[in-house]
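Dear colleague,

Please find below the structure that I am handing over to you. A summary of the findings follows it.

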Amino acid sequence: MDPRQATVNHTPQQVLKDALSRYEQGKIAISFSGAEDVVLLDMANQMGLAVDVFCLDTGRLHAQTYRFLETVRQHYNLDLELLMPQPEAVSELVRHKGLYSFYEDGHSECCAIRKIEPLRRKLDTLDAWITGQRRDQSVTRTNVPQEQEDQAFSTDEHTLIKFNPLADWSSADVWSYIRTQGVPYNELHDSGFVSIGCEPCTRAIAPHEHERAGRWWWEESTQKECGLHAQNVIKIVD
Ligand code: SF4
C-alpha cells in the first residue's frame, strides 16, 4: 500500500491547503466536473487560495452542464480551462462506428478519445491534481485515500500525486455545504440526476438507486470508471 494511504483523515480544507502549499501554481489543478468539485473550488476561494481548474469538454455534455460551467466561471471569476479531444480522433471514431458505439461495445474506446487523451495531455504538465472522489460513490471507490500516487497516470520519469480531499465525505455532506454556502450547482440535479457525465451516458436515477447507477447503466458496476480514476478498477479486479 502507498504509505500516504495510511494517513489519518484531515478536513478537506486542510488537505487542500496542504496540497496547494506543496505545489506551485501551474503544477497542480482541480479537475472540475460535478458538485464535489465546485465545493473544492469554493473552499479554496474562501481560504483565499488561488488554484487552476480544468474541465474535460468531451463535446457530449448536456446543455445544462455547459450553462453550469459558465455560471461557475463567472461566479468565481475563474479562468476555467476546457480540455478538448483531438478532432481527428473523434472524426475517425464517428465515421467508422457512429455516435453511439458505446452502447454496443462499451464506453472505453469513446472515453479514451474524448476524456483520457486530453486528460493525459494536461496531467503530463502537472505534478499533482485534485479530484472530488468520495469513497461512498461506488464500489470502485471504497478505498480512495485523501492523497495517493496516481498509478494510472504516473510514469517511470514522472510521479503524479492525486489529492481527494472529500474522500470521507458523504453525498449529504456535499449537499449540506452547497446549500449552506450558496454554491452554484448543475440544474440537472433538480431533475433526478446525481452523478453527471456525458449526456448519452448519464440518466436520472430513482431515490432507491445508488448514485452511480445513472452512469453507463448498461455495464457492470465494477467497471464504471471512465479511465480518469482507472486505478480504482485495477484495485478491485486484482
Ligand atoms: S461518457 Fe460516453 S459519450 Fe462521454 S466520452 Fe465516455 S463513452 Fe463517450
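Helix α6 lies across strands β2, β3 and β4, and runs at about 160° to β2. Helices (H or I, at least four residues) and strands (E, at least two) are DSSP runs, numbered from the N terminus. Axes are lines fitted to C-alpha atoms, for helices over the stretch in contact, and angles run from 0 to 180 degrees between N-to-C directions. Two residues are in contact if their C-beta atoms, placed from the backbone, lie within 7 Å.

Please note that this is a predicted model, in which local features need pLDDT of at least 70 and side-chain atom pairs count only at pLDDT 80 or more, while totals for chains, interfaces and linings use all residues. Residues are numbered from 1 along each chain as its sequence is written.

The sheet

The strands of the open, six-stranded sheet are ordered β3-β2-β1-β4-β6-β5, with mixed pairing; two strands pair if DSSP finds at least two bridges between them. At the edges are β3 (81–83) and β5 (147–149), each of which pairs on one side only. From one strand to the next, the twist averages 30°.

Strand β1 pairs in the parallel sense with β4 over three bridges, and β1 also pairs in the parallel sense with β2 over three bridges. Ala29 has Trp129 as its bridge partner in β4 and stands opposite Asp52 in β2. By contrast, β5 and β6 (residues 161–163) run antiparallel and are joined by three bridges, with Gln148 partnered by Lys162 of β6.

The helices

Helix α2 (residues 35–46) lies across β1 (28–31), β2 (52–56) and β4 (128–130), at about 140° to β1.

Helix α1 (residues 12–22) packs against α2 at an angle of about 70°, with the axes 10 Å apart. α1 is therefore roughly perpendicular to α2 (angles under 35 degrees count as roughly parallel, over 145 as roughly antiparallel, 65 to 115 as roughly perpendicular and the rest as oblique). Here Pro12, Gln13, Leu16 and Leu20 of α1 meet Leu40, Met43 and Ala44 of α2. This contact of α1 with α2 comprises six nonpolar, one polar and no charged residues. In this classification, Ala, Val, Leu, Ile, Met, Phe, Trp, Tyr, Cys and Pro count as nonpolar, Asp, Glu, Lys and Arg as charged, and the others, Gly among them, as polar.

The axes of α2 and helix α7 (residues 171–181) come within 10 Å and cross at roughly 55°, so α2 is oblique to α7. Ala35, Glu36, Val39 and Asp42 of α2 make the contact with Val174, Tyr177, Ile178 and Gln181 of α7.

Helix α4 (residues 87–97) packs with α6 (residues 108–123) at about 165°, their axes 10 Å apart; α4 is therefore roughly antiparallel to α6. On the α4 side the contact involves Ala89, Val90 and Leu93, and on the α6 side Glu109, Cys110, Ile113, Arg114 and Glu117. Five of these residues are nonpolar, none polar and three charged.

The ligand shell

Which residues come nearest to the ligand? Of the 13 residues around the ligand, they are His107, Cys110, Cys111, Cys198 and Cys201. A residue is near a molecule or strand if its C-beta atom, placed from the backbone, lies within 6 Å of it. Helix α6 gives the most to this shell, with four residues. By class, the shell has seven nonpolar, three polar and three charged residues.

Yours sincerely
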